[in-house]
Amino acid sequence: MQREYNPFEKTALNRTSISVPTRNLINNNLLYGKILDYGCGYGYDYSYLLNLGLDISGYDKYNVVFNHNYLLRTHYDVVYANYVFNTIPTLREHEDVVNQLRSIGDNVYITLRNDTRSIKDNWEYIKEDDVYWNGRSYQRYYTELSISYYFGKVEYLYNNGSYIQFKLL
């Protein structure tokens, strides 16, 4: 019996400091009001922001600690998703998550990995879903052209060659 794909097992990082994309949102005063960290992994950024006194919730579909679907029926001033879309295996699920975040957040910030140097010879490209698969994990990489195609109109906040951060418009 094949196990269900669980990106949390391969992509959630157990960090010791706040992520650079979340630090960027803090430094630009973009985190305020009721906040959702969508795809929070182990919850480090969530915990850090909670300790700062922010009104934040953390949601992660694959982590039982943070898998609370009622959070997706709540409205937020700010929703952010760091590296979530890189690991979504199908374009249909990708579209569903974009629509869901738009429906629950007044301001939605997305961070995507765009450094394709990590693709090795053992990664298979699956054209119909525009994604790479190495037998354990999916990775989708983005250009500005693919961002406009998959996310619509956006306002770019940051692009350092390793990741792109933007706001959905």
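The model is predicted: local features need pLDDT of at least 70, side-chain atom pairs count only at pLDDT 80 or more, and totals for chains, interfaces and linings use all residues. Residues are numbered from 1 along each chain as its sequence is written, and side-chain values use heavy atoms, with hydrogens and water left out. The protein has five helices and nine strands. Helices (H or I, at least four residues) and strands (E, at least two) are DSSP runs, numbered from the N terminus.

**Overall fold**

- Along the sequence the pattern reads α-α-β-α-β-β-α-β-β-β-β-α-β-β.
- Of the 169 residues, 47% count as buried. Buried means under 20% relative accessible area, exposed over 50%, and partly exposed in between (1.4 Å probe, protein chains only).
- Among contacts between residues at least 6 apart in sequence, 63% join residues at least 24 apart. Contact means heavy atoms within 4.5 Å.

**The sheet**

- Six strands make an open sheet in the order β2-β1-β3-β4-β9-β8, with mixed pairing. Two strands pair if DSSP finds at least two bridges between them.
- β2 (55-59) and β8 (154-159) stand at the edges with a single partner strand each, so one side of each has no neighbour in the sheet.
- From one strand to the next, the twist averages 20°.
- Strands β4 (residues 105-113) and β9 (residues 163-168) run antiparallel and are joined by five bridges. Here L112 stands opposite I164 of β9.
- β8 and β9 also pair in the antiparallel sense, over five bridges. N159 has I164 in β9 as its bridge partner.

- Helix α4 (residues 91-104) lies across β1 (34-38), β3 (76-82), β4 and β9. It runs at about 145° to β4. Axes are lines fitted to C-alpha atoms, for helices over the stretch in contact, and angles run from 0 to 180 degrees between N-to-C directions.
- Helix α5 (residues 144-151) lies across β4, β8 and β9, at about 140° to β8.

**Nonpolar cores**

- The largest nonpolar core holds 26 residues, of which Y38, F85, L101, I110, F151 and F166 touch the most other members. Such a core is a set of buried Ala, Val, Leu, Ile, Met, Phe, Trp, Tyr and Cys residues joined through side-chain atoms within 4.5 Å.
- β1, β3, α4, β4, α5 and β9 each supply at least two residues of this core. The largest share, four residues, comes from α4.
- Apart from this core lies another, of 13 residues, among them C40, Y46, L49 and F66.

**T111, Y163 and R113**

- T111 is in strand β4. At 0% relative accessibility, T111 is buried.
- Beyond four places in sequence, the contacts of T111 include P21, A81, N82, Y83, V84 and Y163.
- Y163 is in strand β9. Y163 is buried too, at 4% relative accessibility.
- Y163 and R113 are 50 residues apart in sequence, yet 4.3 Å apart in space, C-alpha to C-alpha.
- Leaving aside neighbours within four places, Y163 contacts residues including V20, N24, T111, R113 and Y158.
- The charged end of R113 sits over the ring of Y83, 4.8 Å from its centre. The rule asks for NZ of Lys or CZ of Arg within 6 Å of the ring centre and within 35 degrees of the ring normal.

**Aromatic pairs**

- Rings of Phe, Tyr and Trp (its six-membered ring) pair if their centres lie within 6.5 Å; planes under 30 degrees apart count as stacked, over 60 as edge-to-face and the rest as tilted. The count comes to 12 aromatic pairs.
- Y132 and Y141 have ring centres 6.1 Å apart and planes at 65°, so they are edge-to-face. Y132 is partly exposed at 24%, whereas Y141 is buried at 10%.
- Y149 and Y150 have ring centres 5.1 Å apart and planes at 75°, so this pair is edge-to-face. Y149 is exposed at 66%, whereas Y150 is buried at 17%.
- One aromatic cluster is formed by F85, Y142, Y149, Y150, F151, Y156 and F166.
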